Amino acid sequence: MKLEIVNLCKSYNDKEVLKNINFTFEKGKIYGLLGRNGVGKTTFFNSINSDISIDSGKFFLDNEYGKNIIQNKDIGYITSTPIVPEFLTGKEFLQFYLDVNKDKIKDIKEIDEYFDLVKLKKEDQNKLLKEYSHGMKNKMQMLINIIAQPNILLLDEPLTSLDVVVAEEMKQLLRTLKKGRITVFSTH
């Protein structure tokens, strides 16, 4: 499986941020986008994820079904600022996600098994998400994407503001996830 980016261009007013980007990402590898703040890493991800309009370009997923334009269901996106429903507990959020997506999830596990994957402590599972640290919210975003099993996993600065231990846990988790998908992360 491959993700092909063809002639991607994006400008904001007169500022050209992405200019004729052509690249192919292959499954089973972890790709890193390295760059200073403001160079277009998030714009690149937002373009692929269709969160912003682009000036030109196409995105294809080339797999056993042929070469097709990517769809939202193919993409998992972990933002640099975690977005979670802060009025729910971690357990409520996970249960809600599992209930809503039960027809799409392969081999649903017990909730505790999912929390074990991201090493989220039992006492934290019943806290409101608004009380979670940045790193804990990142773990919840990662967990949802582990369950969804998207073909393409985009991670926008996923290790920023994580302590050394949690950052290493996240790296190990990414290594286990890379096998069946295309993984691209950004960092500075």
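This is a predicted model: local features need pLDDT of at least 70, side-chain atom pairs count only at pLDDT 80 or more; totals for chains, interfaces and linings use all residues.
Which residues point one way from E7, and which the other way?

**Figure 1. Side-chain directions along strand E7 (residues 152–156).** Ile-152, Leu-154 and Asp-156 point one way from the strand, whereas Leu-153 and Leu-155 point the other way. Residues of both sets are buried. Strand E7 is accordingly described as mostly covered, with 5 of its 5 residues buried.

**Figure 2. Pairing of strand E7 with strand E6 (residues 75–78).** The two strands run parallel and are joined by 4 bridges. Within this pairing, Tyr-77 stands opposite Leu-154 of E7. Leu-154 is a buried residue that points the way of Ile-152 and Asp-156.

**Figure 3. Pairing of strand E7 with strand E8 (residues 182–187).** Here 5 bridges join the strands, which again run parallel. Phe-185 in E8 is the bridge partner of Leu-155. Leu-155 is buried and points the way of Leu-153.

Figure 4. The buried residues are Lys-41, Thr-43, Phe-44, Phe-45, Asn-46, Ser-47 and Ile-48. In an α-helix, residues three or four places apart point the same way, because there are 3.6 residues a turn.

**Figure 5. The whole chain as the setting for the close-up views.** The secondary structure consists of 6 helices and 8 strands, arranged along the sequence in the pattern β-β-β-α-β-β-β-α-α-α-α-β-α-β. Along the principal axes, the C-alpha atoms fill a box of roughly 50 × 35 × 30 Å. Of contacts between residues at least 6 apart in sequence, 69% join residues at least 24 apart.

**Figure 6. Surface and charge of the chain.** Buried residues account for 45% of the 188 residues. The chain exposes about 10,600 Å², of which carbon and sulfur atoms supply 49%. There are 28 positive and 26 negative side chains, and the centres of these two sets lie 4 Å apart.

Conventions
Residues are numbered from 1 along each chain as its sequence is written. Side-chain values use heavy atoms; hydrogens and water are left out. Buried means under 20% relative accessible area, exposed over 50%, partly exposed in between (1.4 Å probe, protein chains only). Contact means heavy atoms within 4.5 Å. Accessible areas come from the Shrake-Rupley method with a 1.4 Å probe; for residues, only the protein chains shown count as cover. Lys and Arg count as positive and Asp and Glu as negative; His and the chain ends are not counted. The place of a charge is taken as NZ of Lys, CZ of Arg, CG of Asp or CD of Glu. Two strands pair if DSSP finds at least two bridges between them.
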